Every structure is written in C-alpha cells, then in structure tokens.
2 protein chains.
Amino acid sequence: MTSGRQPLDELFGVLADPTRRGLLERLVHHGPHTATELVADATVTRQGIVKHLQALAEAGLVTSERVGREVRYRATTERLSDAIAWLLGNSAKWDRRLDRLRDRAMKAAAKR
Amino acid sequence: MTSGRQPLDELFGVLADPTRRGLLERLVHHGPHTATELVADATVTRQGIVKHLQALAEAGLVTSERVGREVRYRATTERLSDAIAWLLGNSAKWDRRLDRLRDRAMKAAAKR
DNA sequence: TCTATGTGCAACTTACTAGTTGCACATGAG
DNA sequence: CTCATGTGCAACTAGTAAGTTGCACATAGA
C-alpha cells in the first residue's frame, strides 16, 4: 500500500508548512503576486519563497505566468477538493452533518 | 508570522504520510485496533506503526486505551474539522458550490 | 511458576526539507 | 548603452522524520 509519492502526500505535505499556507492564502485572497512582492510579508529570503512557490506549483496549487521580466504566481485551488474529499470521507461516519458534507464534496470533486 | 509549530502544521503534516492516512482510515472505518493488529496491513514494522500512531495521537487524531496487556487505538476525527475549515476558507471564493460547503463546515466546526 | 504474546525504550542510519548564500542571466527605463 | 531590478541555478548546512534493530518489561494463560 505504500507506493511512491501519492497525490495526497504531496498535497497535505505542501500544506503542512506555515510559510506555504501563508503564501497560498495571500494569493487566494489578494490575487496574483511575484515572488519579490511576497518577500515583504515573509520571514524568509526570496529564494526561499521561490522554492515554496515551486512546491505549491508541483502540487498543482499555483500556476506561474511570465510578464516581461516578472513572474506572476496565481492560486489554483481546484486541487484542494481532493484533500477536502478525503477529510470528509474520513470524518466520523456516524455524524449526519458530515455525511451530507461528504456527499456534496464527492459530487463537487467528481465534476472536476 | 512563522512562529513555532502551529496546529495546522501538525495536522497537515501528519496527514501527509500515506501509512498514517492508511492507519487512520482503518481506525475510522473498522473501529479500534492494537498496533500489533495493524501490522498485518502495513509494510512497516510494529515499532514503525507505533511511531505513526503516536504522531497521530499528538495531532489529536487518535486516542489510546490500555486493556490488559493490549493498547487499543481509536480514531478521534473531530480535529479534522480544523483542516476542512482552512481548506474551504481558501478555496476559490467565487465558487458557489464551495461557498455553500464552507458555510456548512463552519457551522459544524463551531458546534464542536 | 513458566511461557507466549504484547508493549516500551533507546540508539542508529538514511533520506528529505527548509533555508541560506553567491553569482550569473534577463529585461525595462533613462 | 548603462544601470537597477527581477529572476534562475547550484552548492551547502542544519534540522527533522521514517524506519530499523535490539533488548527489556509486563501480563494472560496453562
């Protein structure tokens, strides 16, 4: 059962870092930014941020677009549905509220 | 902003490992088990499993109870709501389906 | 009491990850 | 062209995490 690097490994792993979650939050709620712009809010160097953004990109949570000499990173949160679906699917099944949530999440995930 | 070891770090970090997710799934869907029993389905040693269960316990996802010479581990999935809430809160806000999910999840989390 | 089974503790190896620094390359503006 | 700004690549360090092995301790049962 322990095959190499499943999608959820990457997804949850990427979200386990507070700096990365902060970056993603920023991109989700305040739109696209460059790595250099994001340095202001972080405690790490630009290179550190670039690494985090690349990790997020590999997990499918951000995309990048070159604009002149800048590179804009944009959040693409569709993949989060996979994580949500797993979590709801493993929340106590005897809870009716979560049962309803799970059903809806499964449908939402299936549509994608 | 990068303070030491936030709750979500631990939560997502613990879920990033496929062996741990497998253990949690097993406990959620098939009830309490001992570490020794869980060895059968895993690819790692008992000690490895014990370590994973301890990690899950520290993240508040399982509890353990001693019964004679055995130790039964039981899933306690309430904490998953925290992860669900974060994910829904950072899913694209323009998506109405996820908006509804988020509202419901927030209410569910608040009740706990 | 003796034994089989289950658990706990500790040391150790290996591998990965966060974060850094240094420098080279690319591009927009004057 | 020249320079400031933004990006890319690579090497390196330090810390942590997975997983193992070996052995000691505890307990149910014959």
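Reader: Let's start at the DNA. By class, how do the residues of the surface near DNA strand C divide up?

Author: Sorting residues by class is a handy way in. Near DNA strand C there are five nonpolar, ten polar and six charged residues. Keep in mind that this is a predicted model.

Reader: Which residues come closest to DNA strand C?

Author: DNA strand C is surrounded by 21 residues, and the closest are Val44(A), Gly48(A), Gly68(A), Thr34(B) and Thr36(B). Then ask which elements supply them: α4 of chain A gives two or more residues to this surface, and so do α3 (35-38), α4 and β3 (70-75) of chain B. The largest share comes from α4(A), with five residues.

Reader: And DNA strand D? Which residues come nearest there?

Author: Read it the same way. Around DNA strand D you'll find 20 residues, with Thr34(A), Thr36(A), Thr45(B), Gly48(B) and Gly68(B) coming nearest. Two or more residues each come from α3 (35-38), α4 (46-58) and β3 (70-75) of chain A, and from α4 (46-58) of chain B. Here α4(B) gives the most, four residues. By class, the surface near DNA strand D has five nonpolar, nine polar and six charged residues.

Reader: Now the protein itself. How many helices and strands does chain A have?

Author: Count the elements, then follow their order. Chain A has six helices and three strands, and from the N terminus they run α-α-β-α-α-β-β-α-α.

Reader: How do the strands of chain A pair?

Author: Look for bridges between strands, and for the sense in which they run. β3(A) pairs with β1 (residues 33-34) of chain A in the antiparallel sense, over two bridges. One of the links to look up is Thr34(A), whose bridge partner in β3(A) is Arg72(A). β3(A) also pairs with β2 (residues 62-67) of chain A, again antiparallel, over six bridges. There, Val62(A) has Ala75(A) as its bridge partner. As a general idea, side chains in a regular strand alternate between the two faces of the sheet.

Terms used: Residues numbered from 1 in each chain as written. Chains lettered and ligands numbered in written order. Predicted model: local features only at pLDDT ≥ 70, side-chain atom pairs only at ≥ 80, totals over all residues. Near = placed C-beta within 6 Å. Nonpolar A, V, L, I, M, F, W, Y, C, P; charged D, E, K, R; others polar. Pairing = 2+ DSSP bridges.
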